[in-house]
Amino acid sequence: MEFGADVWVLYPKLGLEATLEIFEELGLRYLEYPYELFRDFEPEGVRARVSEVAGIAESFNLVPYQLHAEYGDVCFELASLDEGVRSSAFARIARWVEYAAELGVKVLVVHAAFPKPLLEASYDKVVERIVEIDVAYLRDLSRVGEDHGVVIAVENCVEPWFCSSPADLLLLMERVSSDHVGVCLDTGHLNVNGLDVASAVRVLASHMVATHLHDNDGRRDLHLPPLSGCIDWRGVMKAFSESGYKGPLIYEFSSPEGQSARNAVEVIKLVTWYLRGLV
């Protein structure tokens with residue numbers, strides 16, 4: 001089983017080029033580009049930034065495996081009652097499929113459309129509606145992905161609503177039914193929601209196309225390195241080994257404020273050495 005890392009693990013503590021150089025030295029061949037790498041650019045500047053990042057990455061023997069699409073307000077806009085707002089939000093997400101193709105990325109990680117409470121509708125009606133919206137959204141996005149050779153990975157969310165549980169994701173996978181849609185399994189989000197991570201790996205095994213590995217205290221989405229929280233990593237790695245998952249395991253933890261770049265690198269080394277010993 002191979003490991004990789006989100007650029008966010010060291011960036012912006014280190015610049016992009018220095019981060020990629022360290023990943024290569026550590027044998028972390030697979031990359032995820034985070035949304036944060038592009039977030040501070042105006043919409044018209046994102047494509048230029050994509051070209052810049054792709055040019056920098058060409059100098060390294062690394063595989064750009066995942067890109068994280070825009071998230072936040074766009075997720076609520078995707079579920080808006082206003083068709084124009086929904087259409088505009090979809091166009092924004094669809095552009096990230098194009099960015100993924102330009103970056104040579106295989107998988108685009110997205111969040112599901114999120115509902116807001118409705119004054120005139122009970123929660124069961126809101127949920128029923130959001131399932132329909134997410135199915136339609138992902139069907140349409142899968143077609144864009146197919147056109148560009150990119151697989152869409154729906155991430156289990158940290159918020160305790162639709163798409164936080166494996167059962168929700170299985171429902172989406174069944175209804176969308178596309179080879180260009182799968183699941184990004186996020187260990188930390190599962191743990192915050194009190195779900196057993198190893199069991200979730202087994203349940204979602206046949207649909208996993210991407211991963212986010214990080215740890216927490218079971219209450220907050222802290223994005224700690226594995227072994228820094230309460231996740232049972234022996235059980236998780238055993239589940240991954242038995243799942244038949246062929247993709248890389250991608251770290252998505254952050255360096256705490258005040259930690260030196262040197263110590264952050266040493267933590268990555270130690271965590272990778274330990275997890276590799278479990279598979």
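Q: Which residues in α4 are buried?
A: This is a predicted model, in which local features need pLDDT of at least 70, side-chain atom pairs count only at pLDDT 80 or more, and totals for chains, interfaces and linings use all residues. Residues are numbered from 1 along each chain as its sequence is written, and side-chain values use heavy atoms, with hydrogens and water left out. In α4 the buried residues are Ala89, Phe90, Ile93, Ala94, Trp96, Val97, Tyr99, Ala100 and Leu103, where buried means under 20% relative accessible area, exposed over 50% and partly exposed in between, with a 1.4 Å probe and protein chains only.

Q: And what caps the N-terminal end of α4?
A: Asp82 does, with a side-chain oxygen 2.8 Å from the backbone nitrogen of Gly84, while just after α4 Gly104 takes a positive phi of about 75°.

Q: Switching to Thr211, where is that?
A: Thr211 is in strand β7, residues 208-212 (strands are DSSP runs of E, at least two residues, and helices are runs of H or I, at least four, numbered from the N terminus).

Q: Is Thr211 buried or exposed?
A: Thr211 counts as buried, because its relative accessibility is 0%.

Q: Which residues is Thr211 in contact with, then?
A: Leaving aside neighbours within four places in sequence, Thr211 is in contact (heavy atoms within 4.5 Å) with Gln66, Cys184, Leu185, Phe240, Tyr245, Pro248, Leu249 and Ile250. A polar atom of the Thr211 side chain also lies 3.1 Å from the backbone nitrogen of Ile250.

Terms used
Polar contact = N/O pair within 3.5 Å; in protein donor to acceptor, adjacent residues only side chain to side chain.
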